[in-house]
Each structure stands twice: as C-alpha cells, then as structure tokens.
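I opened a new page for this protein and wanted a first tour of the fold. Here is what I looked up, in the order I went.

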Amino acid sequence: MSGPTEPDNPAQRLDARLAPGLAQREAEGLRRQTRTFQRRSATRVQWQGRECINFCANDYLGLAADPRVVAAGEQALQAHGAGSGAAHLITGHSPEHAALEAELAEWTGREAALLFSTGYMANLGLAQALAGKGDSLVQDKLNHASLIDGGQLSRARLIRYHHADAEHLDQRLATAPGHRLVMTDSVFSMDGDIAPLKQIANHCQAHQATLMVDEAHGLGVLGPEGRGAAAEAGLGPAQVPVFMGTLGKALGGFGAFVAGSRTLIDYLQQYARAYVYTTATPPSVAAMVRAGVAICREDTGPRDQLAARIAQFREGAEAHGIPLMPSRTPIQPIRVGEAAPTVALSRALAEAGFLVQAIRPPTVPAGTARLRVTLSAAHSEADVEALVAALATLWK
Ligand SMILES: *Cc1c(COP(=O)(O)O)cnc(C)c1O
C-alpha cells in the first residue's frame, strides 16, 4: 500500500500535481470559495442563518427579481419548455431569440444583433473571429479577463495600453502591425471608472483601427434609454462598429450579444466559434431579457433611483473619510491595499449583515486589494445609510 504522498494511479497522480497550486493560494490567503446564498428578494440574501443586505450583485436595476421579468420567463417556459435543445444554427433559435435580437439591434441603434450564451463567450468569439495571425489586438490593461483570453485565442499580437490612457493607445496604434482591433471595457468591472471613449474613438479613426466596446456594466445603467457609456459619449455605430453587451447584469437575465452592421453579424454567425458550437440559451431566458429591455427603455425610474443611491453612498462615505475610487457608476470600490485586511473587513461587514465582496489578486494587481460595493436601484435609502454607518465604524 502506498501513502497519499506516493501516487500509484492516474487519479492520484493528477491530484498530487494539482495540490501545490491549491496550497499556494491557501498560503497566500487568496483561495476562493463558493458560498451558497438563498435569495429572498432583490437585495436580501440568507447567509449562515442570517439575513444580509447584498452589495455584491450586478443586478443594477433590480430587474432579476422584477415580477414582469419573472412572469415573462414563466410564460415562455410553459410555451417552449426548458432547454433550447440545440445550437442557434441547428434548431435552437426560437421566436423569443429572434425577437430579442431584433429588439437589441433597435435599442442599440445597430442594423443587427447576435446572441451569445455568455459575455465571456461573446468576447472569445469576437476576438477569434475578427483578429488573426499578423493582426493586432490592442487592449486596455484592466480589460475583463474574457477579452484578454480572447486575445490568446485569436493568435493576433496582444498589445496592452495603460489603463484608460488614450494617448498611450495612440502610441501603441502607431506601431501596431496588421489590422488593428481595439477592445475596451466601457465601465471597468473592478474600478467602476469609465473609459475615455471619445478620445479612444478619435485615435481609432486616425489610425484606421476598429473599435469594440464591452458594455457589460454600462448597458442599462448609462446613456439615453440606458444604451450604455458609448451612447452617453455621443458615439454611434460609425465610431463603435462592434458593440458588445451582457444580459446577466443590469438586464437581470442571462447571456450576451454583439450588435453592429448586418455584415458584421452575418460574418460572426459564420466564423465566431463560440457562437456556432454551443447550445442556445433557453427561450425562457430570452423572454425574460426581452421584458428587461422593455423596462430599461420605457422606465427611467430604476436608473434615477440608482443614481440617487450612488450619490448618497459617495457623499456618506466621503464624509467619514472612507477612501473611494473615482467612479460615478454602481461599482464603488474602497481602497484597502493588502489582501488580508480586505478579507477581514469583508468578514466583519458580513457579520454585521452586509455582503460586500473583497477583491484580491489575481483579479486585481498585488497591493490594490479593495472592497467592492455594488449598488442597485433595489436598495433603499435606509440600506445605503446602514452600510455607510457600518463602514464608518469598521474604518476606525
Ligand atoms: C461580466 C463581464 C463579462 C462576462 O459576461 P458574462 O455574461 O458574465 O459571461 C464580460 N465583460 C465584462 C467587462 C464583464 O464585466
């Protein structure tokens, strides 16, 4: 018999190969873990037997629990069944998917839209389909992991520019070989700041580069009708030919899409492997998102409510000397620095009934660990007031 340190079958050998990596994350205090939450409402979750106010969700408009969204999903579930059963190009494309694509195109002011199963996959598919060997993918240093991973997949040269630095982008573009595809988050997911999209678009124009904007955190939240940060900056399809949005954040559902010219969408449908080779999302999901889009477009109430909560949080936190980062979006990070105290703060907040995520390396650079508060239109004024009071107490 061999002990656990002497693997004698392939399964044990695999575990033995993986164990040091796990031990390393553990030793650095960086090991991540799933926690299980029972959701009670848009902002309340049950965790370890206590009710907590959730400040960790991307449900910025409170649509995930909106009765109109839920009812649309239930109706479609009865009409179409559970799963889509196949990829979009086989038999998985339902009337709900078709209607949603048309509505997303209209909403974003583009000729056409194409659904992807997740934002992660949309970004992989875009990078892989639109850039190849000999081309340049030019990306903000703090872009979402899916854009960076898409860069690897494309086999194009991956060129990074300093975060939100349009002048550095300009320099990078001057020497970038091949076709140049510039990709940027509109709202940065860990910092909450907004890319200088107007300047970026100008440099793309000057260098004949293509601009792709990932509106995962902008769509529904910013701009007229919630059409995102690019629309807010006055940029349309001519400046931003490749528009990517996700449907699992402010839209309250699940999935993602790319919007652009008819030609772009036709091309992606042929060449984006992450679109072609995967099962379509359930029709009920498309139906829920359709309801979310309609609310987003017609009702400014949730956006106004969200803006009021953001202003309230910033004012309150600043009054107590809590170091915020420059953000006017629902993502409001609080700078801490080292990972261990950040985690300790997050734990103490949870014990006080507030769920606030600790963000640590490798998600953010070493030494920039932070608490990340995300606000929602579903939070009440009292919710935010209570959070600020708890933070103020812990901060001392
Ligand atoms: C969340 C996110 C994604 C991924 O979207 P999913 O639908 O969750 O896979 C892509 N880009 C950015 C900037 C994001 O924040």
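**Entry 1: domains**

I kept in mind from the start that this is a predicted model. I checked the domain assignment first, and it gives domain 1 as 36-58 + 300-395 and domain 2 as 86-297. Then I looked at how the two sit relative to each other: their C-alpha centres lie 27 Å apart. For the contact between them, I noted 16 residues of domain 1 and 19 residues of domain 2.

**Entry 2: two hairpins**

Next I followed strands β1, β2 and β3. Strand β1 covers residues 38-39 and pairs with β2 in the antiparallel sense, over 2 bridges. The two form a hairpin, with 4 residues between them. β2 also pairs with strand β3 (residues 50-54), again antiparallel, this time over 4 bridges.

I picked out V45 in β2 to see what it pairs with. On one side, V45 is the bridge partner of R39; in β3, the bridge partner of V45 is C52.

Which residues of β2 are on the covered face, and which on the uncovered one? I wrote down V45 and W47 for the covered face, R44 and Q46 for the uncovered face.

**Entry 3: an open sheet and its helices**

I moved on to an open sheet of 3 strands, with the order β11-β14-β13 and antiparallel pairing. Why is one side of β11 and of β13 left without a neighbour in the sheet? β11 (331-337) and β13 (357-359) stand at the edges and have a single partner strand each, so one side of each has no neighbour there. From one strand to the next, the twist averages 30°.

I looked at the β11 pairing in more detail. β11 and strand β14 (residues 369-374) run antiparallel and are joined by 6 bridges. One of the pairs I can name is G337 with its bridge partner A369 in β14.

- Helix α14 (residues 339-351) touches β11, β13 and β14, and its direction makes about 30° with that of β14.
- Helix α15 (residues 381-395) touches β11 and β14, and its direction makes about 5° with that of β11.

**Entry 4: a pair of helices**

I then went to helix α5 (residues 119-130) and helix α10 (residues 262-271). They pack at an angle of about 95°, with their axes 10 Å apart. That makes α5 roughly perpendicular to α10. Who meets whom? From α5 I listed L126, Q128, A129 and L130, and from α10 L264, Y267, L268 and Y271. Sorted by class, this contact has 7 nonpolar residues, 1 polar and no charged ones.

**Entry 5: A201**

Last, I zoomed in on A201, which sits in helix α8 (residues 197-206). Is A201 buried or exposed? Its relative accessible area is 6%, and buried means under 20%, so A201 is buried. Leaving aside neighbours within four places in sequence, A201 is in contact with L211, L235 and Q239. I also checked A201 against G228: they are 27 residues apart in sequence and 15 Å apart in space, C-alpha to C-alpha.

Terms used. Residues are numbered from 1 along each chain as its sequence is written. This is a predicted model: local features need pLDDT of at least 70, side-chain atom pairs count only at pLDDT 80 or more; totals for chains, interfaces and linings use all residues. Side-chain values use heavy atoms; hydrogens and water are left out. Axes are lines fitted to C-alpha atoms, for helices over the stretch in contact, and angles run from 0 to 180 degrees between N-to-C directions. Angles under 35 degrees count as roughly parallel, over 145 as roughly antiparallel, 65 to 115 as roughly perpendicular and the rest as oblique. Contact means heavy atoms within 4.5 Å. Ala, Val, Leu, Ile, Met, Phe, Trp, Tyr, Cys and Pro count as nonpolar, Asp, Glu, Lys and Arg as charged, and the others, Gly among them, as polar. Buried means under 20% relative accessible area, exposed over 50%, partly exposed in between (1.4 Å probe, protein chains only). Two strands pair if DSSP finds at least two bridges between them. Domain bounds come from an automatic or database domain assignment.
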